[in-house]
Amino acid sequence: MADDLSTTIAEAARLLAGARDVTLLSHINPDADTLGSALAVGLALHRRGVAVRVAFGEPETVPESLKALDTAGLLVHRDEVPQAPEFLVVMDTGSVQRLGPLGDRVTNCTGPVVVVDHHVSNTRYGTLHCVDSQAEATALIALRLLDEMDVEIDEPIARCLYAGLVTDTGGFRKAGPEAHKIAARLLETGVDAYAVTRPLMDSHPFAYLGMLSRVLAKAELDQKAAHGLGLAHAVVSLDDAREVRSEEVESVIDVVRSASEAEVAAVVKELRPGFWSVSLRAVSRVDVREVAQVLGGGGHRLAAGFTFDGTAEQVVAALKGALERVES
Ligand code: 5GP
Ligand code: MN
């Protein structure tokens, strides 16, 4: 099918075939989709003799659960990214703001800025956009690009893509038939699904249990919120998070969203004193991307987020206000 995406992917593959030095960027607080997609394409280019680096703006270190994806040592600290890169590929990042301190590299880039993404809110900040908001994960678009580049998909590349696919689809709960077929193709290369998935989704240090019990004990259900569809929310303060990694804090939302009385779930996470990052999830009826956008954030219809300066109470009040403003 000669759609827009086929055309831009063909153009991206053509540009990459002539590249000598490529910087691949992931969004801040990287997850398996953004980093897996960057590492998969990065690995293919590296094997072809291209000078490659993969980086993200924040935090300063690589989340422990994602380290196993970097089989060729392509990840570098953000300070090692050239001030004026000659070729950028930006993965799974809807806006320049989501690159954090590396956002200026987009403006400074002296060559192509290829954006590969599946956010419907993508602001088209590059020079070439391989964006498909129907794709369940950016990893699926990255695979289309690799196929267009005639890259052999072997286990180290497939592992990166599988990691992005399994996490962004909520363990394939939100995956359509095509995504399942692609998962089968990736597994056929020898990817060990259980070994890849467990550290990403099902494994936490014991301290997680204590953190969860403290945080969940304070969780609240407001059935009047979201036009009566209900909001369940929890707050993770810096103090609550003291003994755990970011992976543990990020997974609290998966517990809170199981509250069946609530259409919307939120976890309000303190990143620095008085500065919060909020994860939003909806079951089916509320478009939480719209809610997040009211507060300056973004995301997908059923999974979105925003950041906020203030107290935890102010974040929750602002969220409830935004939920009233958005139709459901
Ligand atoms: P999570 O809750 O897993 O961090 O994020 C869910 C989705 O919301 C992600 O796909 C991400 O794109 C989006 N998201 C989370 N936080 C922000 C934010 O602060 N700004 C924007 N624009 N999107 C966000
Ligand atoms: Mn994604």
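Start with the cysteines: you'll find 0 disulfides here, a disulfide being a pair of cysteine sulfur atoms within 2.5 Å. Before going on, a word on ground rules: this is a predicted model, where local features need pLDDT of at least 70, side-chain atom pairs count only at pLDDT 80 or more, and totals for chains, interfaces and linings use all residues. Residues are numbered from 1 along each chain as its sequence is written, chains are lettered from A and ligands numbered from 1 in the order in which they are written, and side-chain values use heavy atoms, with hydrogens and water left out.

Now select Cys 109. Its closest cysteine sulfur belongs to Cys 130, and at 15 Å that is too far for a bond. Cys 109 is buried, with a relative accessible area of 12% (buried means under 20%, exposed over 50%, partly exposed in between, using a 1.4 Å probe and protein chains only). Hop to Cys 160: the closest cysteine sulfur is again in Cys 130, 19 Å away and too far for a bond. Cys 160 is buried too, at 0%.

Next, click on ligand 2, the manganese ion. Which residues hold the manganese ion? Look for Asp 33 (OD), Asp 92 (OD), His 118 (NE2) and Asp 168 (OD), which coordinate it at 2.2 to 2.4 Å. Donors here are N, O and S atoms within 2.8 Å of the metal (3.2 Å for Na, K and Ca); water is not among the atoms, so sites may look incomplete. Along the chain, these donors follow the spacing D-x58-D-x25-H-x49-D. Asp 33 sits in helix H2 (residues 32-47) and Asp 168 in helix H5 (residues 155-168), so the pair ties together parts 135 residues apart in sequence. (Helices, H or I, at least four residues, and strands, E, at least two, are DSSP runs numbered from the N terminus.) Asp 33 is buried, with a relative accessible area of 0%.

Last stop: ligand 1. Show the 13 residues around it; the closest are His 119, Ser 279, Arg 281, Gly 298 and Ala 304. To make that list, a residue needs a heavy atom within 4 Å. Zoom in on Ser 279, where a side-chain N or O atom is 2.6 Å from an oxygen atom of ligand 1. At Gly 298, a backbone N or O atom lies 3.2 Å from a nitrogen atom of the ligand. Finally, color strand S11 (303-309), which gives the most to this shell, with 5 residues.

Methods
Polar contact = N/O pair within 3.5 Å; in protein donor to acceptor, adjacent residues only side chain to side chain.
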